[in-house]
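Subject: Structure handover

Hello,

Here is the structure I promised to pass on. Please open it beside this email and follow along.

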Amino acid sequence: MAQPIRLDDVRKEYHTAGASHVAVDDLSLEIPEGSFTTIVGPSGCGKTTTLRMIAGLETPTSGTIHFGDRDVTDVRPQDRNAAMVFQSIALYPHMTVRENIAYGLKVAGVPKAKRDAAVDEAAETLQIREQLEKMPAELSGGQQQRVALGSAFVQDPDVLLLDEPMSDLDAKLKAELRVEVQRLHKEMDATMVYVTHDQTEAMTMSDHVLLLEEGRLAQFAPPSDLFDRPVSQYVAEFIGTPSTNTLPATVEVGGDAPTIVGEQFEIPAPSDLFADRIGDSVTVGIRPQYLSPDGGDHHVRVIVDVVEQLGTEFVVHGTSVDGTHINVVDERVGDAGPDDELSVGFDGGDAFVFDKDGETICHGDVLVAARSASPSQ
Amino acid sequence: MSAVSTLQGRLGEFDEKRLLLLAMFVPFTLFFVLVWGVPIGYALGMSLFSDPTGAAEFAFLGNYVDVLTSELFGTALWNSIVYALSSTVLSLVLGLGLALVVNRKIKGGNALRTMMIFPYLLPTLVVIFMWTFLLDPNVGAVNQFLLDYGVIQEPLAFFSSTTWAMPAAIVASVWKYGSFAFFILLARLQAIDPNLYERARVEGASTWQAFRDITIPNLRGAILIIILVRGIWMFNKFDIIYLATRGGPLDATTTLPIMVYELAFLGSPDFGGATALAGIMFLLLAAVAVVYFWAFKPEQEVTT
């Protein structure tokens, strides 16, 4: 039975030779039962520590972890009915693939005939039937990963934890296994938590994404929310490739409403949010995908540095006149060459506004509403 | 033209390689033949003659028959087996236990690891002096300790008792050589991916099951090699026993190497008998090693 996972003020500190380091800082959230949740963030943000605490391999310094109604904070990993796939894959090198997959069932006392049936079923699903009698060292990296997934699959866990399982695979295998993992999730009755540093994996695979920043929750939401409604500049810049463009601006008095004034653009802003911010410096965020050479209400001139081709799209890496680094992703910018000047525009509806601490003041929809309400436009 | 030059190039390369191989191989073959082959052949040859260093007379297997039928041979063979087996097994158990403890990264583990090398570095003479002192019936700490706790009523002269001389020699040997197993097993333990244990825990395995299913299979090859190598060394061990007891009392600790020494150098020297006994030991060990390799295949390592 899949179980929701609830973390309440979970904190993990490490103490080494007098110095103490906070790996996870008062994390509270509830992962819905049966969901596919990805924990993502840069190295050292505490995502693996969080996963290991859910598995029971680490004990929180404070706070509690519940699987459903059951408090598992101090329950041994053996007794949590969780399964885990490790970054190092961790297949038992001296056992055949069949024995590897069946090991969890064997220690649980499942009779051999039943074990074999379960292994055969898992092998069928994961297309590793031919490999069952081989030793792990004889398998390719992708096959080894399938075996690790298989051993998690046969245990029918309530909670399936995956710790960067694909970080050592090449791009093609990654894409293949991404599909495999999602298929497995559909077949299993388990809450899945997947740790990765690769935000593409996080965005493509999961129902919910938990983005961490130095052990703290940055945002926990469905992938589209992280993309379209980031709660901070950190989230906006971490999620999405290339990274969100950030343009410095100032809030100024413009007519009867405050205006966000940048080097090359002016965006009318709603009074309720910006009236007491007059004179503050803010940052306008705009995703490279929302900059286009012909459209948009607001314009930025970009000096092209490098153009990359990504299939049908092109990525322009450039600099605005005030020296801000700006990326543009579009199908129509392929003709641009280095040192060309490109005028690109964006709609206020696609922009984010962050205060000087990086917190989101508002998203584009609020700016659009402000503009239509403004009589001067 | 180019074909010819390629061929020449290849030949030249081949010659160079062969020259290098010969340069590496020949000196060591010569060295091996001179230092090992000749003395072994010479000794085996001697074993076929009666009085080989004096009035040598070809006796074929006469010396072998004499040695095998001598009263002492049975006792010495039995003593050798007891000594080799128990000291090997005990040092393996001790070494494994300590290696498991140090591998847990406990406080003081590094200090313990460093200390473990000391018995191995001490000269055997010093080790035996230390143990005869510790086990001395009048001033020894061990007797004092056992008396204080009421384990024994009278002090025991360990090295001069037919019952206790062999166990005492074994204890001293395990103390000196236990670190051999310890270091090999510790190195092997440290090579095991710690994630395997974590995976086993998440899969529901108890500590004992993880030990049985992960640790032991990974150590299997190392354990088998330790038993073989340490067993052969202990079977041939001369110094530690001879220094402690001179094979006594009443031949209670006379092992085969000590019997060889006694035949060769005590009383009327019998080099024929001594070399024949050495030959018998060699054949015995070779036979055991061959059977051992065939039965256990210790060379099969866990591939990671």
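Below is what turned up, part by part.

First, a caution. This is a predicted model. Please keep that in mind with every number below.

**The two domains of chain A**

How much area do domain 1 of chain A and domain 2 of chain A bury between them? The value is about 1,100 Å², with 44% of it on carbon and sulfur atoms. On the domain 1 side, look for A:Phe227, A:Arg229 and A:Gln233. These residues lose the most area to domain 2 of chain A, and together they make up 47% of what that side buries.

A:Arg229 turns up again in a charged pair. The rule finds one salt bridge across this interface. A:Asp365 forms a salt bridge with A:Arg229, and the closest N and O atoms are 2.9 Å apart. Side chains of opposite charge can pair when their charged atoms come close.

Polar contacts cross this interface too. The rule finds twelve residue pairs in polar contact between domain 1 of chain A and domain 2 of chain A. Now the elements.

**Where chain A meets chain B**

Next, the contact between the chains. Here 23 residues of chain A are in contact with 21 residues of chain B. The buried area between chain A and chain B is about 2,100 Å², and carbon and sulfur atoms give 54% of it.

Between chain A and chain B the count is one salt bridge. B:Glu198 forms a salt bridge with A:Arg52, with the closest N and O atoms 2.6 Å apart.

Which elements of chain A give two or more residues to the side that touches chain B? They are strand 6 (82–85) and helix 2 (97–107). Helix 2 of chain A gives the largest share, four residues. By class, the side of chain A that touches chain B divides into 14 nonpolar, eight polar and one charged.

**Chain B on its own**

Chain B is divided as well, into domain 1 (2–46) and domain 2 (65–296). The C-alpha centres of these two domains of chain B lie 39 Å apart.

B:Phe133 sits in helix 6 (residues 124–134) of chain B. Leaving out residues up to four places away in sequence, B:Phe133 touches B:Val139, B:Gly140 and B:Ala141. Then find B:Asp51. B:Asp51 and B:Phe133 are 82 residues apart along the chain, and their C-alpha atoms are separated by 41 Å.

**What the record says**

An unreviewed UniProt entry carries the annotation "domain: ABC transporter" for residues 5–239 of chain A. The end C-alpha atoms of this span lie 24 Å apart. The span is 36% helix and 28% strand.

**Charged and polar pairs inside chain A**

Over all chains, a search of the whole structure finds 25 salt bridges. Among them is the pair A:Glu13 and A:Arg11, whose closest N and O atoms are 2.8 Å apart. Another joins the side chains of A:Asp79 and A:Arg76, at 3.2 Å from N to O.

A:Arg11 has a further partner. A polar contact of 2.7 Å joins the side chains of A:Arg11 and A:Asp25. Where does A:Asp25 lie? It is in strand 2 (residues 19–31) of chain A. Not counting residues up to four places away in sequence, A:Asp25 touches A:Val10, A:Arg11, A:Gly215 and A:Arg216.

Best wishes

How values were computed: Residues are numbered from 1 along each chain as its sequence is written. Chains are lettered from A and ligands numbered from 1 in the order in which they are written. This is a predicted model: local features need pLDDT of at least 70, side-chain atom pairs count only at pLDDT 80 or more; totals for chains, interfaces and linings use all residues. Side-chain values use heavy atoms; hydrogens and water are left out. Buried area is the accessible area (1.4 Å probe) that two parts lose on being put together, summed over both. A salt bridge is a side-chain nitrogen of Lys or Arg within 4 Å of a carboxyl oxygen of Asp or Glu. A polar contact is a pair of N or O atoms within 3.5 Å; within protein, one must be able to donate a hydrogen and the other to accept it, and residues adjacent in sequence count only if both atoms are side-chain atoms. Contact means heavy atoms within 4.5 Å. Ala, Val, Leu, Ile, Met, Phe, Trp, Tyr, Cys and Pro count as nonpolar, Asp, Glu, Lys and Arg as charged, and the others, Gly among them, as polar. Domain bounds come from an automatic or database domain assignment. UniProt positions are given in the numbering used here, feature names are shortened, and annotations may be inferred rather than shown by experiment.
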